[in-house]
Amino acid sequence: MTEEDKTANPVRGEVLIVAEQILGELQHITLELLGAGTYLAGKLGSKLSCIVLGHSLGDIPQKLVACGADTVYVADHPELNTYRTLPYRRVVCNLLDSMDTPAHICLLGSTTTGRDLAPRIAAHFETGLTADCTELDIGSYEHKSKLDPTKVGLYEGCLYAIRPAFGESLKARILGPWKNPQMATTRPGQMTPLKPDPNRPGRIISIPVNIMTEDNRLIIAETLREIGKGVKLQEADVIVSGGYGLGSKDAFQLMYNLAACFANSAVGATRKVVDQSWIPYEHQIGQTGKTVRPKVYIACGISGAIQHRVGMANSGLIIAINKDVDAAIFKFAHHGIVGDVFQVVPEMIRQLEAVKQEKEVQTVVSAH
Amino acid sequence: MPAPYEIFVLVKQVPDQGSKAGLNPDGTIDRARAKRMLNPFDRYALQAALNVKKTYGGRVTAISMGPPPAVEVLLETLEHGVDRGVLLSDKRLAASDTLATAYALYKTIIWAGHYDVIFCGLQTTDGDTAQVGPQLAERLGLPQITYCQDFRIAADQVYADRIIEGGYQKIISQMPLLITVANSYHRLEYKSFHGSWKVQQLLRNTEEQNKYIQSVDLDVIGADEQRCGLKGSPTIVAATEKVGEIGGNCSMHEGHSAEELVGEVVQSTNLQEFLAI
């Protein structure tokens with residue numbers, strides 16, 4: 001590539017978001033990606049587009065326009081009803097291949113769907129992909145290292161994919177300006193959606209679906225969801241987590257009772273209690289579980305081993321309850337209560353309920 | 001009598017982040033000094049591979065890419081009952097990102113021969129990307145089941161449960177395929193007596209060890225070095241920034257009744273803002 005090529009091309013490809021729906025329900029991560037994508041496309045001076053795959057999608061395309069997409073590509077086909085790696089990969093790759101100007105950026109959520117699909121697309125196009133980003137930005141980059149001479153140069157409009165590394169102790173800025181689309185997945189709960197505007201203009205385009213026989217080597221027999229029971233650890237404002245100090249499976253009811261005091265909450269756990277089958281794996285926080293960053297993290301009977309810490313250390317407010325004053329968790333919590341979980345937690349529930357009642361009374365009074 | 005399967009499992013040696021050894025002041029890891037361990041996620045993939053062998057018959061091959069000490073994790077898999085190991089080790093692989101890693105492993109797998117199923121851990125603890133498994137499946141043109149929490153095989157079809165947000169999916173797939181195994185799968189069982197005894201013998205006899213663990217480099221597997229290591233990696237880490245030092249200023253509440261302790265915390269924090277009203 002000559003110096004001229006790098007600077008003389010003002011026409012940038014679009015920023016493409018791959019939307020996610022489960023059983024016809026648009027997933028929150030897609031709205032977050034549209035929010036982030038609007039910012040990136042604005043900085044690049046390019047368009048924001050979104051591809052949604054499924055069957056009988058109702059008003060989802062309109063919602064995507066209202067939330068920021070300039071163009072929505074709709075792939076509607078009975079075989080796309082439920083997410084499957086190979087057919088979805090086929091349709092998204094075909095769309096990217098068909099663009100006159102190749103997409104500049106392609107983003108997915110770091111969900112079970114996005115983490116399944118994004119690497120396939122990236123490997124197909126031999127392009128870079130950064131997992132689990134917490135921030136995205138656009139900027140320039142000068143590659144000076146001559147270890148690989150083909151990479152040397154000044155690059156504008158690079159995707160800055162920023163993600164935690166080494167157990168959340170570092171933030172790494174990862175770039176791949178040499179090949180488009182530059183790809184990333186983002187961690188749920190990190191990007192801010194736009195306020196939906198039903199009057200926003202946008203194009204909705206139906207795209208062809210060519211699924212091949214080999215794409216049907218794998219089929220989904222059934223999708224089972226516990227509606228309303230899903231553990232949305234990464235979207236919760238408040239997480240109440242239990243550790244081995246709880247002593248038994250039954251004690252987790254207390255965690256649920258405390259979580260119920262809060263508007264947007266979830267119950268988490270350490271690996272040790274998941275290993276004991278006191279609570280399912282989807283609740284696990286830490287190195288081999290989920291990484292969370294809620295506004296409030298209440299750790300009950302958790303010693304605070306590094307493997308757990310890396311999954312929650314960046315929470316806004318950490319309140320730790322443990323009867324061992326020397327527990328490691330008190331070294332990085334913001335507030336530590338030294339006491340028996342079975343006395344402290346019920347008392348916390350009682351006091352929070354009292355505050356709630358007081359606030360409710362105030363609301364009723366002010367409404368009159 | 002079901003056909004015996006050729007079962008591959010991918011394993012990686014990672015720094016032990018629970019140990020302070022090799023932890024640089026800036027938060028990065030000095031891999032030469034760090035304590036090394038089998039990637040914890042791979043323990044579930046290993047158990048899955050051994051279960052297939054135990055239930056349906058076959059042979060398990062463990063494959064790893066890494067510097068020479070990575071042979072330690074292959075020996076560990078042998079102790080658990082794996083039949084052979086393949087170690088891809090080559091200086092030209094240094095600084096590989098996930099795409100370059102998946103390419104090198106793809107060439108290693110083709111070299112290693114026929115397979116019916118490939119198991120991978122969900123992700124590694126040193127990279128946390130969960131990308132190499134699916135990128136490898138793409139290169140091999142295979143169907144994949146990620147986040148697999150259980151499975152059985154019948155008539156050369158895999159029946160699996162895959163975790164999704166707030167539930168799971170029941171999947172039926174043809175073989176061959178690639179599976180990444182979730183941590184809710186069965187825990188790795190203890191090392192077998194026979195396996196441990198065998199590895200003790202191998203440690204004393206390099207020639208014998210080479211029969212069980214084959215060491216290969218890029219030339220042996222026929223990989224294009226332009227697609228490996230730094231040159232084959234489309235991404236680079238442009239900058240790192242240390243995240244603010246954690247903790248050290250915990251307000252401790254102790255020595256009073258639960259009522260007083262909780263009262264102090266409820267009054268001095270913003271906990272009340274998040275109440276369900």
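In chain A, the side chains of A:Lys43 and A:Asp137 form a salt bridge, with 3.0 Å from N to O. A salt bridge here is a side-chain nitrogen of Lys or Arg within 4 Å of a carboxyl oxygen of Asp or Glu. The pair joins distant parts of the chain. A:Lys43 lies in helix H2 (residues 28-44) of chain A, and A:Asp137 lies in strand E8 (residues 135-143) of chain A, 94 residues apart. Helices (H or I, at least four residues) and strands (E, at least two) are DSSP runs, numbered from the N terminus. Over all chains, the structure holds 31 salt bridges.

The model is predicted: local features need pLDDT of at least 70, side-chain atom pairs count only at pLDDT 80 or more, and totals for chains, interfaces and linings use all residues. Residues are numbered from 1 along each chain as its sequence is written, chains are lettered from A and ligands numbered from 1 in the order in which they are written, and side-chain values use heavy atoms, with hydrogens and water left out.

Chain B and chain A bury about 8100 Å² between them. Of this area, 59% is on carbon and sulfur atoms. Buried area is the accessible area (1.4 Å probe) that two parts lose on being put together, summed over both. B:Glu138, B:Glu165 and B:Phe274 supply 9% of the area that chain B buries against chain A, more than any other three residues. The contact (heavy atoms within 4.5 Å) takes 85 residues from chain B and 95 residues from chain A. Seven salt bridges are found across this interface. One joins the side chains of A:Glu126 and B:Arg139 (2.7 Å, N to O).

The axes of helix H5 (residues 114-125) of chain A and helix H4 (residues 132-140) of chain B come within 8 Å and cross at roughly 50°. Axes are lines fitted to C-alpha atoms, for helices over the stretch in contact, and angles run from 0 to 180 degrees between N-to-C directions. H5(A) and H4(B) are therefore oblique to each other. Angles under 35 degrees count as roughly parallel, over 145 as roughly antiparallel, 65 to 115 as roughly perpendicular and the rest as oblique. Residues in the contact include A:Arg115 and A:Pro119 of H5(A), and B:Glu138 and B:Arg139 of H4(B).

Within chain B, the axes of helix H2 (residues 71-79) and helix H5 (residues 193-203) come within 7 Å and cross at roughly 140°. H2(B) is thus oblique to H5(B). B:Leu75, B:Leu78 and B:Glu79 of H2(B) touch B:Gly195, B:Ser196, B:Val199, B:Leu202 and B:Leu203 of H5(B).
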